[in-house]
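Subject: Structure for your files

Hello,

Here is the structure you asked about. My notes on what was found in it follow below.

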Amino acid sequence: MPDSIKQLAEHKLIILHLVQKMGIALSNSEICQFLLSKNYMDYFSVQQYLAELTDTGWLEKSREQNSTRYTLTDEGEEIINYFMHHIPEDVKNEINTYVHDNSKRIRAEYAVTANYFPELNGDFLVKCSLCDDSGAVLMEICVSVVSKEQAQQICRNWRKQVNRYYRSILTSLAAEDVEEPKAEEPEVTEEKPQNSVPNPASLDSI
């Protein structure tokens, strides 16, 4: 195999292995930060490889606000497992160190998501979620609003106060049903029938 093709394949495998080891979706900026800091490849090469890996179906791309994230597909998992031996051991060690040092921070940033999408009727659908450290969804809500400004405000509030919203919603949903008090029936007063007996004084005039 020519050196250029070998290096191309190696670079792609490094990206796949990085995403695999992190275990969650990685942003474009996170991938670039690692690869460029280690001088494995330049920025434009990273973008080219990410596009090619997405086109081949080995990475899946998703969009969140202004961030593009990548996750490993089943096909990508098979490829990296099969060709793992083509990645130099020192590179594997660098990836392991990076994941160990940054996994907690990246997972915390990815735990809270808030996005909005325009709908056909002109409204905006807002999707907010909270995940745990393993990436499992703890809570996810969807709400439709009439303006982009409302959607943006909901996203900002969710990101800032997600813990308070989570506790409040969970507490409300888990509360036992409380029987509402019945409305008091109006008190009915029974009117006494009027006395129909003639006044004795009126009998004298007959």
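Overall layout

Along the sequence, the protein chain runs α-β-α-α-β-β-α-α-β-β-β-α-α. That comes to seven helices and six strands, where helices (H or I, at least four residues) and strands (E, at least two) are DSSP runs, numbered from the N terminus.

This is a predicted model, in which local features need pLDDT of at least 70 and side-chain atom pairs count only at pLDDT 80 or more, while totals for chains, interfaces and linings use all residues. Residues are numbered from 1 along each chain as its sequence is written, and side-chain values use heavy atoms, with hydrogens and water left out.

Confidence

The protein chain has a mean pLDDT of 83, with 80% of its residues at 70 or more; pLDDT is the predictor's confidence in each residue, from 0 to 100. Confidence is highest in helix α3 (residues 43-55), at a mean of 95, and lowest in helix α7 (residues 200-203), at 44. Over residues 200-206 pLDDT stays under 50, and the model has zero contacts there beyond four places in sequence. A contact means heavy atoms within 4.5 Å. Where pLDDT is low, the predicted coordinates should not be read in detail.

Burial and surface

Of the 206 residues in the protein chain, 33% count as buried. Buried means under 20% relative accessible area, exposed means over 50%, and partly exposed lies in between (1.4 Å probe, protein chains only). The protein chain exposes about 14,500 Å², of which carbon and sulfur atoms supply 51%; these areas come from the Shrake-Rupley method with a 1.4 Å probe, and for residues only the protein chains shown count as cover. Among contacts with a separation of 6 or more, 53% are between residues 24 or more positions apart.

Helix α6

Helix α6 (residues 148-174) has 27 residues, but its end C-alpha atoms are only 32 Å apart, short of the 39 Å that a straight helix would reach at 1.5 Å a residue. The expected span is 1.5 Å times one less than the number of residues. At Gln161, α6 bends by about 85°, the bend being the angle between axes fitted to the seven residues ending there and the seven starting there. Ala151, Cys155, Trp158 and Val162 of α6 are buried. The buried residues of α6 pack against β4 (112-118), β5 (124-131) and β6 (137-145).

Individual residues

Thr113 is in strand β4 and is buried, at a relative accessible area of 12%. Its side chain makes a polar contact of 2.3 Å with the side chain of Ser129. A polar contact is a pair of N or O atoms within 3.5 Å; within protein, one must be able to donate a hydrogen and the other to accept it, and residues adjacent in sequence count only if both atoms are side-chain atoms.

Ser27, in strand β1 (residues 26-27), is buried at 6% relative accessibility. The side chain of Ser27 reaches the backbone nitrogen of Glu30 at 3.1 Å. Leaving aside neighbours within four places in sequence, Ser27 is in contact with Ser67, Thr68 and Arg69.

Gly57 sits in the loop between α3 and β2 (59-64) and is partly exposed, at 24% relative accessibility. Beyond its neighbours within four places in sequence, Gly57 contacts Thr73, Glu75 and Gly76. The C-alpha atoms of Gly57 and Thr73 are separated by 7.0 Å, with the two residues 16 apart along the chain.

Asn39 lies in the loop between α2 (28-37) and α3 and is exposed, at 68% relative accessibility. Its phi is near 60°, a positive value in a residue other than glycine.

Regards
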